[in-house]
Every structure is written in C-alpha cells, then in structure tokens.
Amino acid sequence: MKKNYLFLVSIVLLITAACGGNQKDEVIDMNDITPQAKHKEPIVKAEEKASDYGFNRTVADSIGLKVMEIDSVEEPFFVDRFSPRSQTKVYLQLKEDKILFCQWTFKDSVKTKNAFYNWIDCYGEKCKSIHFGQNVNFQKDNFRLFMNETSITYISSPLKLSTKDWQAYLKSVSGMEEWKLIIEQSTRGRAKWIRFFDDKLEERLQQYKKVWHDERRAKEAALREQTEAIELARRVLDENKKLKAQYTAGEKTYIETVQSHTDTQVTMAKREYKEALESGDADRIVEAQSSLNDASYAAQQ
C-alpha cells in the first residue's frame, strides 16, 4: 500500500514538472536570445526622393537633364512672403554644374500677379527695381521665368537653359502650357519678355512703356543739360584763371619796366645835377635840380 502511494506521488511530481517546463517554453521568445540585425532605413528610390521635394527626376531625365542629385533649398526667397499655397525649391546637381528650380503656386491670378510685380520691384540682393517689359540684365546667370494664372516658375543656372525643354517638363508634370509671361535671359545678357496677353492689355502695357520711356528720356535730357552746364562753368572758370594769371604776369612786367625807366631817369638826373654843380653855372644847376625833382617824384609813384 505504501509502495503504491509513493508511486502515485512520483507520477504527480513528474506531470507537474513537465507542465512547468511547457509554460517556460511558451514565455521564451527566440528574438530575445538570438542576435538581431541593426535597424536600417528603408531604401528610397530616386523618384520617391525627388517627389518628396516636389520635383520629378524621371521627367527631367526625359528632356535630357541627367540629374545626379536633388537637394532641398532652405534659404527664403522674396516670393515666399506672399503666402503661396505650395512651393518647390531645389538644387538639381548635374555633372557640369547645378540648376536652381523654384516654383510657387497661388490661390488665384490676383495673388500671382501681386507676388510677381512686388518681386521685380525689389529683385535680387540689391533690391533692384525693374519695370515691366524693361530689357535690362536681371542677374549674372542664365534664367527662365514662366508665369501663368496661378503659378510662377523660376529656373536659374550658369549652364545654358532651353525654354522649349523646360516648357515640355512643366507640361508633362503639371499640364502647364498656357503662359501669361515668359522671361528669358542669357548670362550677362538683357532680358527678353515674351507676353501672352489680350490686345487691350497689351495696348495698356505699351502705353505704360511709352510713358516710362518718355520719363527716362526726360531725365536723361535733364541730366545731360546739367552736365553740359557744369562743364561750361568749369571751362569759364579755367579761362578766367588763365586770364588772371596772364594779367598778373603782364602787370608785373609793366611795373618792372616802368620802375627800370624811372630808376634810369633818376640816375641821369643826379649825374646832370652833379655836373652842373661842378661847372658853377647857376642856370644849369637850377635846370638840373628841376629834372632831378621830377625823376624822383616819378620813381615814388
């Protein structure tokens, strides 16, 4: 009986130990006891990275731009002040050099034009004021500017830029093909304005340009007259100085001549007076005395 009891207790203990072992196996996780690889960032394809910056590398490659790297531009631009709905500002690194690509989209045409006109009124680091349609040099590098009803696209680079290629890119990416304005400028060249407006607006713009040119010509004429007047005054002043110098020199020569003549007269009168005294001739003495007095008086004047 005692042996049976011990046998049953032994079985119970074995079963209990077996159950406990099963519970321990369920708690252990193999990830906790085996080496784990370090966490890696997911590989982002070039197209996905470009898309994050708002630029499409694939379309750019299709127009011949072999973009090697795309970097976001952090520094602010003047147009940023006018609350665009969205913006893209990136540097496109090519083999030869880089291209700056900026695009701002706005709520409507009023906001677009407001941003554009304020920008050209204070363009660049020196805040250069540029009139609409003015054929001047905006900047050192090449650039292209495309503007439609709700967007402004600005592209700048030391490299040559193709207006046709960039139009193809913008059309392919966002369907943009109806432009209100395109500005082209080559390195150190003058801006070429290509406008796409209705006839009435074009007429008003031409009138505005005429007024501006008239004002410019009037200012240039006034400046030219002022410059000529200053030059004339300078010439008169120089001439007066020369005449004064000549007069002074002539006067000095005249004085020296007169002085030399009077000195000679005094010397001769003295000699005549001396000879008259030595001769004892009273009349001659009186005459010599008179001549000496006249010569002495002339020398004192």
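Modeller: Welcome! On a 1 Å grid over the protein atoms alone, a cavity is a set of points where a 1.4 Å probe fits but cannot get out, and a lining residue has an atom within 4 Å of a point. The structure is a predicted model, in which local features need pLDDT of at least 70, side-chain atom pairs count only at pLDDT 80 or more, and totals for chains, interfaces and linings use all residues. Residues are numbered from 1 along each chain as its sequence is written, and side-chain values use heavy atoms, with hydrogens and water left out.

Biologist: What volume does the largest cavity have?

Modeller: About 40 Å³, where a volume is the space filled by probe spheres set on the points, joined across faces, edges and corners. The structure has one cavity of 30 Å³ or more.

Biologist: Which residues line the largest cavity?

Modeller: Look for Ser-109, Thr-112, Lys-113, Met-147, Asn-148, Glu-149 and Lys-180. Helix H5 (residues 109-121) contributes the most to this lining, with three residues; helices (H or I, at least four residues) and strands (E, at least two) are DSSP runs, numbered from the N terminus. By class, the lining has one nonpolar, three polar and three charged residues. Here Ala, Val, Leu, Ile, Met, Phe, Trp, Tyr, Cys and Pro count as nonpolar, Asp, Glu, Lys and Arg as charged, and the others, Gly among them, as polar.

Biologist: And how do I read a pocket?

Modeller: A pocket is an open set of points with protein on both sides within 12 Å along at least five of seven lines. In this model, the largest pocket holds about 630 Å³ of space. Of its 20 lining residues, Tyr-123, Gly-124, Glu-125, Gln-139 and Tyr-154 lie nearest the centre. That lining comprises ten nonpolar, three polar and seven charged residues.

Biologist: How much space lies in the second largest pocket?

Modeller: About 220 Å³. Its lining counts 14 residues, with Gly-64, Leu-65, Leu-94, Ile-99 and Lys-160 nearest the centre. Seven of the lining residues are nonpolar, two polar and five charged.

Biologist: What should I look for in the backbone angles?

Modeller: Most residues other than glycine have a negative phi. Ser-83, however, has a positive phi near 50°, and Cys-127 has a positive phi of about 50°.

Biologist: Where are Ser-83 and Cys-127?

Modeller: Ser-83 sits in the loop between strand S1 (69-72) and strand S2 (86-93). Cys-127 is in the loop between H5 and strand S4 (142-147).

Biologist: Why does Ser-83 count as exposed?

Modeller: Because its relative accessible area is 57%, and exposed means over 50%, buried under 20% and partly exposed in between (1.4 Å probe, protein chains only). Cys-127, at 39%, counts as partly exposed.
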